[in-house]
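User: Please take me through this model one feature at a time, with the general idea ahead of each case.

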Amino acid sequence: MSAENRSEPQCRPLPLGSLEQHVMDALWDDGPLSIRDVITRLGEKHAYTTIATVLGNLDRKELVVSEREGRAVKYAARCTREQHTARLMEVALDTSRDRATAILHFVDSIDPNDLKLLRDYLAKQDKLA
């Protein structure tokens, strides 16, 4: 892990329900957002109380932070989408009884462009070591 990664905010790796995922996507893409901003971003399909409840649940799960701005409360993701995804992958690997084999199966199944990205990153890390 690089020095810059050590300063990343802690992100709880929790799987998200469908609406939670949509709300987090809005926050990751456009945040910080108020409840009304999230409703607009999702296409006015959800009631104010529904989104308020989802954001409250995400706050309780420590995936978002809230901050008052005048009369509105704005919500922001505690970590980036990429950090959250990486934490989910770590949790998935931790559930395997054979972590090495799980990693190798994963590498065998990834897109060739992703594999090149991984090779380039590892080569860069080797040069730094």
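Analyst: Start with Asp30, which counts as partly exposed at 39% relative accessibility. Buried means under 20% relative accessible area, exposed means over 50%, and partly exposed lies in between (1.4 Å probe, protein chains only). This is a predicted model, in which local features need pLDDT of at least 70 and side-chain atom pairs count only at pLDDT 80 or more, while totals for chains, interfaces and linings use all residues. Residues are numbered from 1 along each chain as its sequence is written, and side-chain values use heavy atoms, with hydrogens and water left out.

User: Which side chain does Asp30 meet in a salt bridge?

Analyst: A salt bridge is a side-chain nitrogen of Lys or Arg within 4 Å of a carboxyl oxygen of Asp or Glu. For Asp30 the partner is Arg41, at 2.3 Å from N to O. The pair links distant parts of the chain, with Asp30 in helix H2 (residues 18-30) and Arg41 in helix H3 (residues 35-41), 11 residues apart. Arg41 is also partly exposed, at 35% relative accessible area. Both residues belong to a salt-bridge network that links Asp25, Asp29, Asp30, Arg41 and Arg81.

User: How many salt bridges does the structure hold?

Analyst: The count is 8. Among them is Asp120 with Lys116, at 2.7 Å from N to O. These two lie in helix H7, 4 residues apart, which is about one turn of the helix. Asp120 is partly exposed at 42%, and Lys116 is partly exposed at 48%. Another of the bridges joins Arg99 and Asp94, again at 2.7 Å from N to O. There Arg99 is partly exposed at 38%, whereas Asp94 is exposed at 56%.

User: What makes the nonpolar surface patch?

Analyst: A patch is built from residues with over 30% relative accessible area and no salt bridge; like charges are joined within 9 Å, and nonpolar side chains (Val, Leu, Ile, Met, Phe, Trp, Tyr) within 5 Å. Here Leu118, Tyr121 and Leu122 make a nonpolar patch of about 260 Å². Leu118 sits in helix H7 (residues 112-128) and is partly exposed, at 32% relative accessibility.

User: How many helices and strands are there, and in what order do they run?

Analyst: Helices (H or I, at least four residues) and strands (E, at least two) are DSSP runs, numbered from the N terminus. The protein has 7 helices and 2 strands, running α-α-α-α-β-β-α-α-α from the N terminus on.

User: In which sense do strands S1 and S2 pair?

Analyst: Two strands pair if DSSP finds at least two bridges between them. S1 (residues 64-69) and S2 (residues 72-77) are antiparallel, over 6 bridges. Within this pairing, Arg68 stands opposite Val73 in S2. The two strands form a hairpin with 2 residues between them, and Gly70 in the turn has a positive phi of about 70°.

Definitions and conventions: Areas by Shrake-Rupley, 256 points an atom, 1.4 Å probe, with all protein chains shown as cover.
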